Amino acid sequence: MSKQLFKIKAEYKPAGDQPNAIRELVAGVEKGLSKQTLFGVTGSGKTFTVANVIEKIQKPTLVIAHNKTLAAQLAQEYKEFFPNNAVHYFVSYYDYYQPEAYMPVTDTYIEKEAMINEEIDRLRHASTQALLTRKDVIIVASVSCIYGLGSPEEYEKVNLKLKVGEEVSRQDIIIKLINVHFDRTNSDIKPGTFRAIGNSIEVMPVNEKILIRLDFENDAIKKISKIDSVSRVLTQDNIQSTFIFPAKHFITDKEQQDRAFKSIKAELEQRLEELKKEGKNLEAERLRRRTVYDLSLIKEVGYCNGIENYSRHFSGKAPGEAPDSLLEYFPKKADGTADFLTIIDESHVTVSQIRGMYAGDASRKKTLIDYGFRLPSARDNRPLKFDEFEKRVGQIIYTTATPGDYEKEKSEKIVEQVIRPTGLVDPVVEVKPITEVKGKNLSQVYDFIAETEKVVKNGGRVIATTLTKKMAEDLSEYLKEKGVKAEYLHSEIKTIDRIDILTNFRKGKFDCLVGVNLLREGLDLPEVEFIGILDADKEGFLRSDTSLIQTIGRAARNVLGRVVLYADRITGSMERAIGETNRRREKQIAYNKRHGITPKTIIKKIHDITENMRSDHDKAVKELVRIDEEMMKKSPKKLIKQKEIQMNAAVKILDFESAAILRDEIMILKKRIEDKIKPKETKRSKSRS
């Protein structure tokens, strides 16, 4: 075997079903099996098992999760297991995304709207650059990894390799940086920008938060050094050479751009003829104006809104050919096949998500093309089709507690991991009526609150799952009114905010987390003692046997774990879920008895997994709030007044960065005061009435 690149660092060794699962999966990979499934119950340590497989196989690995929150948690876990290797996080960089669309029934055109999260964009670049420069790489990605990204060959080809003594002028470097999409600035420098100061250039690459400083003398690079972007402290001196990768993934040279312009114009002419023959003169004129405007904008500024719709022309690919995606950045064997391992986490959900991406995108694009909003080539700006995805990934290991029909049918080997090393047993499951509890005309909500109060009194945490986002929000507010510290969690909450909520829940800043299906897969919350599944007898996706088993599993990491299904009847899904839970309980109890194991609740460090995703601005605000906490307790209004004076002083000397940090700290401090005052005001108003 070649030199060991991946090396696990852990305080414990594989136990329970893990040693056998590791042996079986490694044997399957070495035998050349293309698809295997790790059928592992919640809390059995599937991630640790996979980490051991990676260590033994010694190949770059792609881990795909079905949502950003789960991907962030997995990335943190793999970083802990592999502290000396390159573990990166790759998800969609949009905080908000409204795709371009047209609704013929109401004649409504919706322009594309998007807010790009610069921190996540930086992490995406860090992922691709690691893949192009290292072999010990693990990328934890959401399904955004199957979307078009730009050619890795072009991205790598135009990276700047700079070395001391190289004969190149300061002006030449400025031009080269602009050509690879770096922006010049005279103020605060951020990733993807540079500034020229005297005989020096300072560049901040898109993948890290340091400055590369180039000093010039007589049209040659005299010195290369690295500087901390905030403190301005020198971190590395006398560097002999460095690489600077492009600031964007979509890169084309001048020759390609000229070819693309000709190709787009030719397609436009052909499409205009087709539309006119069909009597669609309005659509033809609409398309002509849009395309001509876009081309002139691209020519002038190198960009237009929706430029990705012309990606096929800029990449030089044939009509219908699959776009380049993150998968193209992974290593290949001599015959062109993938030479990396693929882990599809919570595969019963993730596989369906990957399979459905193309169809949804194609349907929206077809309408835009039919009505003259886009050229037919826009359909080639798309996610991979499922068969294209399967051809581009390496050997696959599906991991799930509830394998779907697809995994069962396609896997050449299914490895079961039911026994937990901790000895923890699946939770006790109880069924209670929705409308009447213990002979009293009480609803499920009242019973849930009573159960919650008992658990919280003993220091435990509680989860409630509802059927809709509105129900989650309403229940959260109602619980607060009843004195239970609660928060809701659903898909409309931003990525970093979602992770913050989960971290605060684990820390005990609130006691009850209310959600919909985001609470089901892969969320590691060992503090949870009780789960209430409301309306458990409403058959459907959220109350299928798979969903119920996953939700029940959230309480399997705590020795006091208990679940109540609120239902007026026992559905088939409930019966199957309870039956499978009891089967696992019996197997674990028998194992514990044979080996003399006393189950213990999982004790897991609470990490703020958003730290690497935060901007320096957010970190600075957070740190200031922490420093000022004591002053806040003594005299909150006085502190805010001082901060406002400091903010105004910063504005006067044009220090807008400091002013913005102080402004955001003031907003947080004012919000804290409001939150403390609200309950008192409510009590006062009630007493008056």
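I began with phenylalanine 373, which is buried in this predicted model; its relative accessible area is 8%. Tyrosine 102 is buried as well, at 10%.

Next I looked up aromatic pairs, and a search of the whole structure gave 13. In one of them, the ring centres of tyrosine 102 and phenylalanine 373 are 4.8 Å apart, and with the planes at 40° the pair counts as tilted. I then checked where the two partners sit: tyrosine 102 belongs to strand S5, phenylalanine 373 to the loop between helices H10 and H11, so the pair ties together parts 271 residues apart in sequence.

Another pair I looked at is tyrosine 398 with tyrosine 406, edge-to-face at 6.1 Å between centres and 85° between planes. Tyrosine 398 is buried at 1% relative accessible area, and tyrosine 406 is buried at 11%.

On to the sheet. I traced an open sheet of 6 strands with parallel pairing, in the order S20-S25-S24-S21-S23-S22. Strands S20 and S22 are at the edges with a single partner each, so one side of each has no neighbour in the sheet. On average, neighbouring strands are turned by 20° against each other, direction ignored. I picked out S24 and S25, which pair over 4 bridges, and saw isoleucine 533 opposite leucine 565 in S25.

Last, the helices: H14 lies across S21, S22 and S23, at about 175° to S22. H16 lies across S20, S21, S24 and S25, at about 150° to S24.

How values were computed. Residues numbered from 1 in each chain as written. Predicted model: local features only at pLDDT ≥ 70, side-chain atom pairs only at ≥ 80, totals over all residues. Heavy atoms only, no water. Pairing = 2+ DSSP bridges. Helix = DSSP H or I, 4+ residues; strand = E, 2+ residues; numbered from the N terminus. Axes fitted to C-alpha atoms, helices over the stretch in contact; angles between N-to-C directions. Contact = heavy atoms within 4.5 Å. Phe/Tyr/Trp six-rings, centres within 6.5 Å; stacked < 30°, edge-to-face > 60°. Buried < 20%, exposed > 50% of the residue type's maximum accessible area, 1.4 Å probe, protein only.
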